[in-house]
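These are my notebook entries on a single chain.

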Amino acid sequence: MYRSEGEAVASKIGGIYRHLEISSEITVDTAFDFVRDDHGVERVLINCAGVALDQPAVWRDQSSGKIMIHDVPSFERLLQVNLTGTFYTTIKSNSASVASEDGLEGQAAYAASEGGVLALTRPLARDLVNEGVRIATIMSGRYDTAMFTERSEDMTEKVGTHKRDPEGLADPNEFADLVMRIIEDDDINGQWVRMNAASKK
């Protein structure tokens, strides 16, 4: 979410907006301290921060025939935001993607980061259960969000026509509805729920 959009939403619902770099432990700590001063300790954390990258692990340049490989800095940056950032905010509801177990071509780095989020779910739930904290991860499909619309045209077309999600982009309100169900059900802990676009499984 862009800063201006976040501030607008916070103003509308009577909340507080704090911009942060999720891969930086210091800025995460500062953001939590900032909102706790006015709202007290948080009761629900919905972690949806993430970036996507459309780049094959290995491919051949069509004009030169040269073998190309995924650049390491981009891979590391994606892991910092999607995986390390999720870890920082959770230890201080996670959200992953269906790519965590069903990544498409060009999504090796993205799938690796999202798979890491899934792997964190149960250990974190076990670590925090005695504190009365529950952990659940939603593996979401294709939703009408800024991150999806900003992806390259080529990958957007690939994902948009892939057979696993034929229904088209889903309304983010469907995601919000599932979040509320998880919050209200005390029996859900250490689990992940796969939720394709317009199709809950």
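Before the packing entry I set down how axes are treated: they are lines fitted to C-alpha atoms, for helices over the stretch in contact, and angles run from 0 to 180 degrees between N-to-C directions. Helices (H or I, at least four residues) and strands (E, at least two) are DSSP runs, numbered from the N terminus.

**Entry 1. Basis**

I note that this is a predicted model, in which local features need pLDDT of at least 70 and side-chain atom pairs count only at pLDDT 80 or more, while totals for chains, interfaces and linings use all residues. Residues are numbered from 1 along each chain as its sequence is written, and side-chain values use heavy atoms, with hydrogens and water left out.

**Entry 2. Chain outline**

I recorded eight helices and six strands in the chain. Read from the N terminus, the order of elements is α-α-β-β-α-β-α-α-β-α-α-α-β-β. For burial I used relative accessible area: buried means under 20%, exposed over 50%, and partly exposed in between (1.4 Å probe, protein chains only). On that scale, 35% of the 201 residues of the chain count as buried.

**Entry 3. Helix H3 against helix H5**

Two packed helices are described by the angle between their axes and the distance between the axes. I looked up helix H3 (residues 72–91) and helix H5 (residues 108–128): their axes come within 9 Å and cross at roughly 15°. That makes H3 roughly parallel to H5, since angles under 35 degrees count as roughly parallel, over 145 as roughly antiparallel, 65 to 115 as roughly perpendicular and the rest as oblique.

The crossing of H3 past H5 is right-handed; a crossing is so named if the near helix is turned clockwise from the far one by less than a right angle, and left-handed if anticlockwise.

I then listed the residues in contact (heavy atoms within 4.5 Å). H3 contributes Phe75, Leu78, Leu79, Asn82, Leu83, Thr86, Phe87, Thr90 and Ile91. H5 contributes Ala109, Tyr110, Ala112, Ser113, Glu114, Gly116, Val117, Leu120, Leu124 and Leu128. By class, the H3–H5 contact has 13 nonpolar, five polar and one charged residues. Here Ala, Val, Leu, Ile, Met, Phe, Trp, Tyr, Cys and Pro count as nonpolar, Asp, Glu, Lys and Arg as charged, and the others, Gly among them, as polar.

I also looked at Thr86 of helix H3 by itself. Thr86 counts as buried at 1% relative accessibility. Thr86 and Ile22 are 64 residues apart in sequence, yet 7.7 Å apart in space, C-alpha to C-alpha.

**Entry 4. Salt bridges**

Side chains of opposite charge can pair when their charged atoms come close. My criterion for a salt bridge was a side-chain nitrogen of Lys or Arg within 4 Å of a carboxyl oxygen of Asp or Glu. I found three salt bridges in the structure.

One joins Arg77 and Glu21 (3.3 Å, N to O). Arg77 lies in helix H3 and Glu21 in the loop between helix H1 (3–13) and helix H2 (25–39), so the pair ties together parts that are 56 residues apart in sequence. Arg77 is partly exposed at 37%, and Glu21 is partly exposed at 30%.

Another joins Arg36 and Glu42 (2.6 Å, N to O). I noted Arg36 as partly exposed at 26% and Glu42 as partly exposed at 27%.

A further bridge joins Arg134 and Asp186 (3.9 Å, N to O). Arg134 lies in the loop between H5 and strand S4 (136–140) and Asp186 in the loop between helix H8 (172–184) and strand S5 (191–196), so this pair links parts that are 52 residues apart in sequence. Arg134 is partly exposed at 26%, whereas Asp186 is exposed at 59%. The C-alpha atoms of Arg134 and Gly190, 56 residues apart along the chain, are separated by 7.1 Å.

**Entry 5. Ala31**

Is Ala31 buried or exposed? At 6% relative accessibility I counted Ala31 as buried; Ala31 belongs to helix H2. Leaving aside neighbours within four places in sequence, Ala31 is in contact with Arg18 and Leu20. Between Ala31 and Glu21, 10 residues apart along the chain, the C-alpha separation is 9.5 Å.
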